[in-house]
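Please look over the structure shown here before reading the briefing. The notes after it are grouped by topic.

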Amino acid sequence: MIFVGRKCLHVPGLLLKHLEVWRGWNKDPNHQLHEKIDMENIILIGHSRGGEAVPIAAAYNQLKYFPDNAKEKFDFNFNIKGLVAIAPTDKRYNRRIELENINYLTLQGSYDSDEASFFGLRQFQRIHFSDSNHWFKSGIYIHGANHGQFNTIWGRKDSGAPWNWILNLEPIIPGDDQLQLAKFFISGFAEMIFNGKSEYAHIFNGNTQEWIPQVPIIYNYKDSDYRPLILFEDDIDIMTWEKGSITTFNLENWSEEELRFLDKDTQGVNGVK
């Protein structure tokens with residue numbers, strides 16, 4: 001696994017260059033890690049700005065040229081099977097990253113005062129499954145978790161002075177509980193991907209209470225077997241979806257509109273109101 005943190009959004013390529021170093025060590029008969037690294041099973045993990053960087057790195061991994069400067073050639077092609085975005089940003093990079101056929105997990109706390117909305121769900125919406133393999137994506141929203149306690153350094157205060165003087169820290173869950181939750185879900189994610197333990201899917205659907213701290217959690221899970229009946233992304237005709245149709249009655253108002261977070265920013269998906 002490769003972890004990237006808060007300041008690394010502008011250099012997601014560093015993740016891939018880091019993997020190049022590990023690949024070199026693995027091939028070098030004189031290095032102590034020679035043939036000890038499984039380069040066929042890779043998960044990228046990022047926190048905060050790094051949570052946005054990992055899907056960018058996954059997109060770069062498949063390209064021949066750097067999209068912002070095509071004079072820079074790429075030749076990565078690592079077998080990246082999964083991405084974990086912890087309390088991620090979105091839209092700091094000027095490109096919206098669309099990905100296919102990769103597993104994705106995103107975690108967010110309800111008391112995050114750095115990234116107040118669950119921006120990982122926007123990337124969740126931009127991951128699609130198109131082949132015959134089994135893929136899944138999960139969004140875990142943890143009530144009482146903040147931004148910083150997903151690691152052991154940033155702590156309970158998600159901003160510096162003077163803003164942290166007015167933060168209400170009382171409702172934030174203990175740091176050990178938040179770390180335990182992160183370990184639990186990320187470990188389950190890795191077990192499903194690396195060891196094929198499909199039975200672990202239940203932990204991403206809410207069947208977890210006996211194993212984790214007792215805090216309210218909202219679960220969002222979709223896999224490659226998911227088949228929606230109705231979507232509202234394809235056109236502006238509110239009554240159709242491919243070959244299906246919608247009929248309603250006795251409504252005063254009926255509209256198709258973009259869903260938004262509480263801060264009025266877009267969720268990146270439409271719905272009917």
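**Asn-26 and its surroundings**

Asn-26 touches Leu-33, His-34, Glu-35, Lys-36, Ile-37 and Met-39, leaving aside residues up to four places away in sequence; contact means heavy atoms within 4.5 Å. The model is a predicted one, in which local features need pLDDT of at least 70, side-chain atom pairs count only at pLDDT 80 or more, and totals for chains, interfaces and linings use all residues. Residues are numbered from 1 along each chain as its sequence is written, and side-chain values use heavy atoms, with hydrogens and water left out.

- Asn-26 lies in helix H1; helices (H or I, at least four residues) and strands (E, at least two) are DSSP runs, numbered from the N terminus.
- Asn-26 has a relative accessible area of 15% and is therefore buried; buried means under 20% relative accessible area, exposed over 50%, and partly exposed in between (1.4 Å probe, protein chains only).

**Helix packing**

- The axes of helix H1 (residues 13-27) and helix H2 (residues 49-60) come within 8 Å and cross at roughly 60°. Axes are lines fitted to C-alpha atoms, for helices over the stretch in contact, and angles run from 0 to 180 degrees between N-to-C directions.
- H1 contributes Gly-13, Leu-15 and Leu-16 to the contact, and H2 contributes Ala-53, Val-54, Ala-57 and Tyr-60.

**Nonpolar cores**

- The largest nonpolar core has 30 residues, and those with the most contacts inside it are Leu-16, Leu-44, Phe-78, Ile-80, Leu-83 and Leu-99. Such a core is a set of buried Ala, Val, Leu, Ile, Met, Phe, Trp, Tyr and Cys residues joined through side-chain atoms within 4.5 Å.
- Two or more residues of this core come from each of H1, strand S2 (42-47), H2, strand S3 (80-86) and helix H3 (120-125).
- H2 gives the most to this core, with six residues.
- A second, separate core has 29 residues, including Ile-86, Ala-145, Leu-181 and Ile-212.

**Aromatic rings**

- The count comes to 14 aromatic pairs. Rings of Phe, Tyr and Trp (its six-membered ring) pair if their centres lie within 6.5 Å; planes under 30 degrees apart count as stacked, over 60 as edge-to-face and the rest as tilted.
- Why is the pair of Tyr-60 and Phe-66 edge-to-face? The ring centres of Tyr-60 and Phe-66 are 5.6 Å apart and the planes are at 80°, so the pair gets that label.
- Tyr-60 is buried at 5% relative accessible area, whereas Phe-66 is partly exposed at 23%.
- Ring pairs link Phe-136, Phe-184, Phe-185, Phe-189, Phe-204, Tyr-219 and Tyr-221 into a cluster.
- Lys-137 lies over the face of Phe-124, at 4.7 Å from the ring centre, and over the face of Phe-129, at 5.8 Å. A charge sits over a ring if NZ of Lys or CZ of Arg is within 6 Å of the ring centre and within 35 degrees of the ring normal.

**Backbone and loops**

- Most residues other than glycine have a negative phi, and most peptide bonds are trans.
- Glu-35, in the loop between H1 and S2, has a positive phi near 55° and is exposed at 63% relative accessibility.
- Asn-250, in the loop between strand S10 (244-245) and S11, has a positive phi near 60° and is exposed at 73% relative accessibility.
- The peptide bond from Ala-161 to Pro-162 is cis, with omega near 5°.
- Pro-162 is in the loop between strand S7 (136-142) and helix H4 (175-195).
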